[in-house]
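Subject: Handing over a structure, with notes

Dear colleague,

I am passing on the structure we spoke about, and below it I have set out what was found, grouped by topic. Please read the notes with the coordinates open beside them.

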Amino acid sequence: MSDIAAKAGVNLSTASRSLSGAYGVHPKTRAKVLEIARKLEYRPNRVAQVLATGHSKSLGLIVSDIRNPFFADIARGAEDAAYRAGLDLILCNTDLNPEKQVRYIDSLLEKQVEGIIMNSVAPLGAEQMRRLSTITVPIVLLNRSKLRKLSTVSVDNYKGGRLAAKYLIELGHKRVIHLSGPQNHSNLRDRARGFVDQYEASRLKAPMVLHGQHTESGGYELARDLFSKDREFTAISTGNDVMAFGVIRAAEEVNIRIPRDVSLIGFDDVSVGAIVNPSLTTIHQPSYEVGASAVELLLSQIAGGPPATGGNRMLDVSLKERSSCAPLK
């Protein structure tokens, strides 16, 4: 900065204001300073700027498992929205580890991010909620039901569960299994509840719900156990798409053909679902829009808009019909 000021024949303050776009600098002076800065390949010291202004021009995004394509889509939506606003996005992956989640929150606060978007690893207890509500920067939670103290962006998981059940019922499937994640996972619990409620509302026997890990290997383990027993079911629904991919792998190992032998429906509509064999029928949730909406909520709060308690958005879901389901013969 001193070199630029000296070469431009201005004081340090004028050089700084020219580079930052501040008011009160003559256009010719600003142009001269910017040209010299370009020739000298000047780059601003972001650390120094944060110390001086208290603003990092960055947001934090904490996801629980970046291997799940659903979170990659969320990250893309959030990154695009942050980029349009002139902000950087710092991505943190917790690998479903609560300790890493706490560490990343502290790390982002130390970096003085403008706001944090977080997909929590586990249900938030009273103490965790209290701690999050005391953080001075805006926080938006992903995939959580409406909260009183924090902003959230979610989709209508209960409706999605009912849509999946309704579709299988229309195909004639009365004996079905729903594979879900941990029982304390609110999103997956709402999907399972919607699925079961739709069957009961149709005066059909309530489906069995089995719980495991909401990962590809979790779906594989549950399906492998199912396929090793006498099969009385004709269709499987899963709490997310990656569990469905595990079901496909397990089915291939025992020569069960989808959908001829068993129909399969997932939830998320990740891009890989369109290219697996068979292509996966699923419940579409707008993951890209979830990430973008979370950034929009943060930007509104950073600009002094509605308080965190007023920011709860629920996005709609829909059925995406592909090749993994067939009518019961």
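In which loop is P259 found? P259 sits in the loop between α11 and β9, and since this is a predicted model, that placement, like everything that follows, should be read as a computed result.

Backbone geometry

The peptide bond that joins I258 and P259 is cis, with omega at about 10°. A cis peptide bond also joins N277 and P278, where omega is about 0°, and P278 lies in the loop between β9 and β10, the latter covering 281-284.

Two residues deserve a look for their phi values. D269, although it is not a glycine, has a positive phi of about 65°, and its place is in the loop between β9 and β10; with a relative accessible area of 13%, which is under the 20% limit, D269 counts as buried. R203, likewise a residue other than glycine, has a positive phi near 60° and lies in the loop between α9 and β7, but at 80% relative accessibility R203 is exposed.

Salt bridges

Side chains of opposite charge can pair when their charged atoms come close. With the cut-off of 4 Å between a side-chain nitrogen of Lys or Arg and a carboxyl oxygen of Asp or Glu, the count comes to 15 salt bridges, and a few of them are described here.

D65 pairs with R67 in a salt bridge whose closest N and O atoms are 2.9 Å apart. What is the exposure of D65, buried or exposed? D65 is buried, because its relative accessible area is 9% and the limit for that class is under 20%, whereas R67 is exposed at 64%.

K166 and E170 form another salt bridge, with 2.6 Å between the closest N and O atoms. Both residues belong to helix α8 (residues 157-170), where they are 4 residues apart, or about one turn of the helix. K166 is partly exposed, its relative accessible area being 40%, while E170, at 54%, counts as exposed.

The side chains of D268 and R191 also meet in a salt bridge, at 3.9 Å from N to O. Elsewhere, salt bridges that share partners join E35, R38 and K39 into one network.

Helix packing

Two packed helices are described by the angle between their axes and the distance between the axes. For helix α10 (residues 216-227) and helix α11 (residues 241-253), the axes come within 7 Å and cross at roughly 40°, an angle that therefore makes α10 and α11 oblique to each other. The crossing of α10 past α11 is right-handed. On the α10 side the residues in contact include Y220, L222 and F227, and on the α11 side they include V242, M243 and F245; by class, the contact has 10 nonpolar, 3 polar and 4 charged residues.

Helix α5 (residues 69-84) packs against helix α12 (residues 287-302) at an angle of about 40°, the axes being 7 Å apart, and α5 is therefore oblique to α12. Here too the crossing is right-handed, with α5 passing α12. Among the residues that make this contact are F70, I74 and R84 of α5, together with Y288, V290 and V295 of α12, and the residues of the contact divide into 9 nonpolar, 3 polar and 4 charged.

Strand β7

Which residues does M208 touch once its neighbours within four places in sequence are left aside? M208 is in contact with V176, I177 and H178. M208 is found in strand β7 (residues 208-211), and it lies 32 residues from V176 in sequence but 7.2 Å away in space, C-alpha to C-alpha. At 46% relative accessibility, M208 counts as partly exposed.

Key
Residues numbered from 1 in each chain as written. Predicted model: local features only at pLDDT ≥ 70, side-chain atom pairs only at ≥ 80, totals over all residues. Heavy atoms only, no water. Buried < 20%, exposed > 50% of the residue type's maximum accessible area, 1.4 Å probe, protein only. Axes fitted to C-alpha atoms, helices over the stretch in contact; angles between N-to-C directions. Parallel < 35°, antiparallel > 145°, perpendicular 65-115°, else oblique. Left-handed = near helix turned anticlockwise from the far one by under 90°. Contact = heavy atoms within 4.5 Å. Nonpolar A, V, L, I, M, F, W, Y, C, P; charged D, E, K, R; others polar.
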